[in-house]
Amino acid sequence: MSVRFKLTLSYAGFLMLAGFLLLGAVWVFLLRYVPERALIVPAPTGGVFPIRYNLLRVFAPRAAAVLAFLLVFGLVGGWILSGRMLAPLARITDATRTAANGSLSHRIRLPGRKDEFRELADAFDGMLERLEAHVAEQRRFAANASHELRTPLAVSKTLLDVARADPARDADDVIDRLRAVNTRAIDLTEALLLLSRADQRSFTREHVDLSLLAEEAAETLLPLAEKRGVAIETSGGVTPAIGSPALLLQLTTNLVHNAIVHNLPEQGAVWVRTGVRATSVVLTVDNTGEKLTPQLVSTLTEPFRRGTGRVHTDQAGVGLGLTIVKTITRAHGGTLTLAPRSAGGMRITVEFPDSPAHRQVTKPGPEPVEGGPPAPRPWRATTGATPGRPGPRRRR
């Protein structure tokens with residue numbers, strides 16, 4: 001039986017039950033007090049009271065007629081009411097079938113007051129909107145990934161064809177160029193695998209200190225920063241979080257690497273700061289650089305988008321750095337915020353849920369001033385090693 005038919009039977013059944021209860025009340029509170037034998041009352045009020053049998057003989061057919069009317073009325077009225085109540089559900093079902101056929105642009109947009117069906121329709125519309133955006137993003141990602149993977153293969157094929165056509169060509173030069181192209185293809189493949197792993201959230205969660213990860217990322221990338229004339233400064237207190245140490249280190253490394261590469265040609269600076277807020281922990285990376293527009297900054301987390309265009313330079317990466325950061329942040333239940341700095345460059349803020357078990361009471365430091373570097377804090381590792389921390393680390 002359909003839901004509409006079940007609701008109709010339910011309405012009619014409850015109406016009949018109410019009728020029987022009403023008749024029962026009449027019997028209990030009225031007819032039971034009517035005498036079974038005729039009662040003659042003497043003058044001056046004289047008269048004869050009707051007996052119970054006569055009342056029942058007159059009342060029973062009319063009660064049966066009323067119950068029959070209630071049954072018909074309940075069935076017809078229940079059918080109409082259930083149809084009107086389930087009409088929004090029919091629209092939602094039609095939209096579901098349309099989406100199942102591949103059309104994700106259709107929306108229900110259910111009118112009327114805000115009730116359970118309206119909330120369900122709005123939630124379904126929101127799901128379709130997110131799904132449509134996700135599918136479009138995946139299609140763009142697949143197209144860009146295919147293009148990026150095809151490029152090194154095409155370059156390798158061209159180099160091999162040129163070397164084959166010109167046997168006198170310097171073989172070492174061809175080998176070096178093939179090595180560089182192959183290295184780039186491997187980096188791109190590893191980035192795609194890391195992106196897939198983070199998106200599937202197939203990792204073990206552990207207690208991590210983001211401040212240590214920031215120090216490790218800064219020390220690892222210090223040679224690159226020195227080569228490009230960029231100063232790195234790391235500051236902040238103990239910042240406990242829960243997640244994958246490898247993925248969070250990759251996130252921090254990508255942020256610092258991005259800040260170093262997309263910086264001023266000389267005398268650039270990168271500030272890495274960690275801290276604890278009321279209900280979250282924060283990692284902030286600021287860097288100097290060219291002035292960026294909010295529109296450009298909002299697109300930098302898309303796959304294969306680069307702030308300097310699609311030109312490949314040394315250490316430019318494969319165009320998935322911030323995409324990986326966004327995916328890792330989302331997999332850890334955090335939020336990623338990108339904002340241009342008024343003085344040039346960009347500020348990237350990653351906020352994760354706090355870890356109550358490992359949280360320590362710390363005094364919040366001053367907030368960074370927009371357009372300038374974060375407020376200065378003591379360098380954590382200048383006084384030597386502390387329990388649970390590595391020894392002194394360099395900074396420029």
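**Exercise 1. Find the angle and axis separation at which helix 1 packs on helix 2, and classify the pair.**

Solution. Take helix 1 (residues 3–29) and helix 2 of this predicted model. Helices are DSSP runs of H or I with at least four residues, strands are runs of E with at least two, and both are numbered from the N terminus. Residues are numbered from 1 along each chain as its sequence is written. Local features need pLDDT of at least 70, side-chain atom pairs count only at pLDDT 80 or more, totals for chains, interfaces and linings use all residues, and side-chain values use heavy atoms, with hydrogens and water left out.

Step 1. The angle is about 155°, and the axes are 7 Å apart.

Step 2. Classify. Under 35 degrees is roughly parallel, over 145 roughly antiparallel, 65 to 115 roughly perpendicular, and the rest oblique. Helix 1 is therefore roughly antiparallel to helix 2.

Step 3. Sort the contact by class. It has 24 nonpolar, six polar and two charged residues. Nonpolar covers Ala, Val, Leu, Ile, Met, Phe, Trp, Tyr, Cys and Pro; charged covers Asp, Glu, Lys and Arg; the others, Gly among them, are polar.

**Exercise 2. Classify the crossing of helix 5 and helix 7 by angle.**

**Exercise 3. Decide how the rings of Phe69 and Phe73 are arranged.**

Solution. Step 1. Apply the pair rule: ring centres of Phe, Tyr and Trp (its six-membered ring) lie within 6.5 Å; planes under 30 degrees apart are stacked, over 60 edge-to-face, the rest tilted. The count comes to one aromatic pair.

Step 1. The centres of Phe69 and Phe73 are 5.9 Å apart and the planes are at 20°, so the pair is stacked.

Step 2. Phe69 and Phe73 are four residues apart in helix 2 (residues 52–100), so about one helical turn separates them. Both are exposed (over 50% relative accessible area; buried is under 20%, partly exposed in between; 1.4 Å probe, protein chains only).

**Exercise 4. Is Leu86 buried or exposed?**

Solution. Leu86 lies in helix 2. Its relative accessible area is 18%, so Leu86 is buried. Its C-alpha atom is separated by 8.6 Å from that of Val3, 83 residues apart along the chain.

Methods:
Axes fitted to C-alpha atoms, helices over the stretch in contact; angles between N-to-C directions.
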